[in-house]
Structures are given as structure tokens and as C-alpha cells.
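I opened this one to jot down what I could look up. My notes follow the order in which I checked things.

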Amino acid sequence: VRREKMKGKRFICILLIAMLVLALAACGTSGTESKEKVTLTIKTTPIGLGNIPDVGEAEVYDLFVAAAEKFKAQYDKYDVEFDISRYDYLDEKEQLADKYGTEDAADIFFAGSYNVPAYVESGWLEPLDDIIDEELRADIDETIWAQNSVNGKVYTLPFQQLQNTLLINKKMMKSAGLEQYIPEDNTIAHWSTETFDEIFQALKESITDENTFTFMMYGANNQGDSHIMTLLRSHGGKLYDDEGKFNVNTPEGIEALQWIKDLDKRGITPQGAENMELLDCVNLFYNGQLACCVGNLTNLADAQSKGLDVFAVNFPSQDGKGYATSGTNGFCVFDNGDEAKIQAAKDFIRFIYTDEDLMKYTLGTQPVNRSITEKYQEEMPMLKAYDDNSGNIVDNINSSLNWQGVRDVFYKNTQDLLLGRKTPAQVAAAIDKTCNAALKESNPVVD
């Protein structure tokens with residue numbers, strides 16, 4: 001009897017334990033089911049991120065796919081799913097602006113977009129300051145934060161950049177007897193406008209092939225127009241006045257335009273440059289037919305992979321420090337009126353900056369985070385060189401609302417200069433007139 005009682009007690013214990021396990025499992029299942037389901041729609045252009053350590057060639061789409069998988073594995077605030085897609089560069093209005101407020105609206109997009117200020121003015125973007133702690137803020141240069149802010153608020157969380165300097169063929173420099181100007185390895189050279197002029201002339205005199213040239217120039221379309229604008233600063237001009245208007249029609253601006261025209265007349269730049277685009281010059285450089293062209297870390301690596309020995313130098317300036325331009329890309333969140341989506345989107349973006357493998361996706365171009373640069377600078381020494389050069393960056397876009405409109409007219413003035421249809425003084429006046437008129441146009445995203 002006693003043995004039967006013991007068996008009964010043991011059975012009851014087993015039964016209670018089983019019921020407890022089932023109850024806990026049910027609670028767990030119930031907890032999962034009770035989480036609010038959120039689907040984040042992510043859209044991006046096929047922006048390349050270069051060659052990523054342990055990954056290979058990748059683009060932003062690949063980053064989002066990898067980040068979504070990692071994020072879902074650890075996120076417990078919402079039950080999140082992701083809808084990630086690419087769109088062509090020319091389809092931004094169709095994919096982002098036209099779909100805002102619809103079921104197909106993007107919640108997150110990766111911004112290399114000139115329209116961010118216009119989206120902000122429209123009230124479409126969510127400020128991201130609440131996910132920027134002191135550590136992250138200090139890890140990124142203030143000039144980069146400023147580039148990604150509108151009216152003092154951050155609307156693009158910067159992730160990677162392409163700092164553009166000039167690249168020069170070292171072999172052609174040596175052939176011209178210009179070894180003394182070649183900088184130490186893994187550094188960026190700094191030359192004054194006067195020094196550039198002397199070097200250009202020496203290079204020109206050393207080149208014997210009629211299809212090989214010294215310095216880039218182009219005017220066929222708006223690609224690379226920001227680099228031409230940087231050249232307009234070469235004689236001391238500032239491009240903008242204190243009110244944010246184009247101000248090229250100054251003695252310094254006219255002198256810079258005259259300099260560009262003189263380079264054309266002297267054969268320093270390619271023949272028929274008004275019919276060339278930036279990519280044509282890049283290809284000439286890669287082919288060894290151009291001594292100096294715009295470039296960045298990615299271009300530098302590409303040139304080296306093609307067997308070229310090249311070094312970087314800043315754009316010319318009067319004081320010799322030189323200028324660089326920087327296109328910063330990062331994450332933006334649309335305010336689609338759904339607080340759960342906004343919160344999940346912010347949590348997702350902030351998560352990326354906490355994951356070492358995901359932050360490696362910045363190494364194919366250039367990180368904005370100092371900590372990443374410091375960690376990998378021994379393996380990739382030019383990372384530090386470009387990071388140290390951040391103080392020489394100029395912002396030609398200036399948070400302009402209708403930057404696309406500016407681009408649509410600026411290059412036509414370059415054409416007029418190169419073709420001789422207008423004098424440098426007339427071109428300076430025309431740049432101010434046409435570009436400032438474009439800046440005055442109403443919000444192109446809404447219209």
C-alpha cells in the first residue's frame with residue numbers, strides 16, 4: 001500500500017511539473033503573440049560600399065540584409081519583419097516622394113540624397129537626435145554632423161563617406177622631374193594654387209602623347225559639378241555669401257574662372273572637355289592618359305588594382321592647405337505616422353552602430369566613426385590620412401533645398417566658359433543668377 005501511495009505521489013509530482021512546464025511554454029508563446037507586429041520597409045539605391053573585409057564587394061542592400069537578420073535575433077520590443085528593396089538612382093521621386101503617405105511608403109532609406117533638406121521642409125523625416133548619445137556624437141567629426149543636420153537637428157545618421165581629393169599619377173610626376181612634390185607614403189599632399197600651376201605646366205611639357213593630358217575637366221552634364229565648384233574656391237573665393245546665396249561674381253571667383261579657362265587654352269585639360277563627363281576623365285586616369293583627376297579611397301584602391309602608382313593631394317587653395325569635398329551617406333527615417341514603426345526603425349539603425357561586423361561595411365569607402373578608423377588604420381593606413389584631412393572639407397551643397405535644380409543649371413555655365421561663349425566675368429554673373437534662381441524655387445519634392 002505504501003509503495004502504491006509513493007507511486008501516486010510521484011505521479012502527481014510529475015503531473016504538476018508537466019503542467020508547470022506547459023504553463024511556462026504557454027506564457028512564452030503568449031508573450032510572443034502579444035508583441036505588436038511591425039514591418040519596416042527599407043528602400044535604397046544600389047550604392048556600392050567597396051570591398052568589405054570578410055565579405056567582399058558589397059552594396060548598401062547587402063548591409064541591410066545582414067543587419068536585419070542580426071537585429072531580429074536580439075530585438076524584443078516588437079515582432080519585426082523587413083521588406084528591403086533597391087531602386088534606381090533616377091527613380092528616387094517615384095519610390096520615395098510619390099509613395100510617401102501610401103502603403104508602399106519607405107520607413108527607412110539610405111541617403112546619398114540631395115533631397116533630404118526638402119524632405120525635412122515637407123515635414124516627412126523624423127529627427128534622430130534622441131538615438132545619438134554622447135559617445136556616438138564624440139566619435140564623429142562635428143563637420144560631418146553639420147552636413148547631416150537641418151536647423152540644428154540631425155536627420156541623417158552618418159554611416160560612411162567618400163572624401164574626395166585629387167589623385168595624381170606618381171610615374172608621370174617622376175617623368176616630369178617633380179619628385180620633390182611627391183608626399184610620403186600614406187599621406188595627402190597640400191599645394192597652393194600657384195604650386196599647382198607650376199606642376200601642371202611641368203607635366204604638360206613632359207607629356208608627348210597627344211591623347212594624354214594633365215588635369216581633368218568636363219562639362220557635358222551635372223556629374224561631378226561639386227568638384228568644379230571646389231575649383232572656384234582656388235583663388236580665395238568662398239562660393240557662397242553670408243546669406244547662403246551663390247557669390248561667384250567676385251574678383252576671386254572671376255579669377256578662378258579665368259584660371260580654368262587658361263588651363264583649357266594651354267592644353268592642360270583634355271580637348272573638347274565641354275563634351276566630356278566626369279567618368280570620361282576617371283577612365284582616362286585609369287588608362288594612364290590623365291595625370292590628375294578627382295578621387296577618393298575607393299578610386300585610389302581601384303587605380304592601384306590596375307597597376308597604377310598614385311597619391312592624393314587636396315584641391316588647390318591660396319594658403320596651400322587645400323580643400324576636399326565629402327559626400328556623406330547614412331540612414332534616414334520617414335515619419336509615416338506610426339509610432340511603433342518609427343521606434344523600431346530608430347532602434348534598428350542604432351543597433352547597426354553597436355555591431356562590429358556591420359560597422360566593417362564602412363571600410364570599403366571611408367568610415368565616419370573615429371573608433372573604426374583607429375581600429376583598422378594599421379591595416380588600411382590611408383583611412384587615417386583621410387580622417388586627419390577632415391578639417392579641410394568644404395560643403396558645396398550647403399543644405400540647399402533645391403540642389404537638383406542648382407545642378408541642372410550649373411554645368412551649363414561650365415560649358416559656356418569652356419566654349420568661350422561667355423567671358424569669365426559673364427560666367428560668374430550667370431552662375432550667381434541661375435543658381436540663386438534655382439535656390440529660390442519652391443520645394444521640388446512637393447511640387
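Predicted model: local features only at pLDDT ≥ 70, side-chain atom pairs only at ≥ 80, totals over all residues.

**Surface and ground rules**

I started with the accessible surface of the protein chain, which comes to about 21000 Å², with 48% of that belonging to carbon and sulfur atoms. These areas come from the Shrake-Rupley method with a 1.4 Å probe, and for residues only the protein chains shown count as cover.

Residues are numbered from 1 along each chain as its sequence is written, and side-chain values use heavy atoms, with hydrogens and water left out.

**Overall layout**

I looked up the secondary structure next: the protein chain has 18 helices and 14 strands. Both are DSSP runs numbered from the N terminus, helices being H or I with at least four residues and strands E with at least two.

Of the 447 residues, 53% are buried. Buried is under 20% relative accessible area, exposed is over 50%, and partly exposed is in between (1.4 Å probe, protein chains only).

For contacts (heavy atoms within 4.5 Å), I took those with a separation of 6 or more; residues 24 or more positions apart account for 76% of them.

Charges: I have 42 positive and 71 negative side chains, with the centres of the two sets 8 Å apart. Lys and Arg count as positive and Asp and Glu as negative, without His and the chain ends. Each charge is placed at NZ of Lys, CZ of Arg, CG of Asp or CD of Glu.

**Rings**

I went through the aromatics. Rings of Phe, Tyr and Trp (its six-membered ring) pair if their centres lie within 6.5 Å; planes under 30 degrees apart are stacked, over 60 edge-to-face, and the rest tilted. That rule gives 27 aromatic pairs. One of them is Tyr 100 with Phe 334, a tilted pair at 5.8 Å centre to centre and 45° between the planes. The two residues are 234 apart and the pair links distant parts of the chain: Tyr 100 is in the loop between helix H3 (92-97) and strand S5 (108-111), and Phe 334 is in the loop between strand S13 (324-333) and helix H13 (339-352). Buried or exposed? Tyr 100 is at 24% relative accessibility, so I log it as partly exposed; Phe 334 is at 2%, so it goes down as buried.

Ring pairs also link a cluster: Phe 64, Phe 71, Tyr 75, Tyr 78, Phe 82, Phe 110, Phe 159, Phe 331, Phe 348, Phe 351 and Tyr 353.

Then I checked for charges over rings (NZ of Lys or CZ of Arg within 6 Å of the ring centre and within 35 degrees of the ring normal). Arg 86 lies over the face of Tyr 61, 3.8 Å from the ring centre. Lys 306 has its charged end over the ring of Tyr 286, at 5.1 Å from the centre.

Lys 70 is in helix H2 (residues 60-74) and is partly exposed at 30%. Beyond four places in sequence, Lys 70 touches Phe 351, Asp 355, Asp 357 and Leu 358. I also looked up Phe 348, a member of the ring cluster: Lys 70 and Phe 348 are 278 residues apart in sequence but 9.8 Å apart, C-alpha to C-alpha.

Leu 290 is in strand S11 (residues 290-295), buried with a relative accessible area of 0%. Its contacts beyond four places in sequence include Met 172, Phe 213, Phe 215, Met 216 and Cys 281.

Tyr 411 sits in helix H17 (residues 403-419). At 19% relative accessibility, Tyr 411 counts as buried. Past its neighbours within four places, Tyr 411 is in contact with Gly 219, Ala 220, Asn 221 and Asn 222.

Ser 226 is in helix H9 (residues 225-231) and is buried, with 19% relative accessible area. I found Ser 226 in contact with Thr 325 and Asn 396, leaving aside neighbours within four places.

**Positive phi**

Which non-glycine residues did I note with a positive phi? Asp 54 has about 70°, and Asn 151 is near 55°. Asp 54 is in the loop between strand S2 (48-52) and strand S3 (56-59), exposed at 73%. Asn 151 is in the loop between strand S6 (149-150) and strand S7 (153-154), exposed at 78%.
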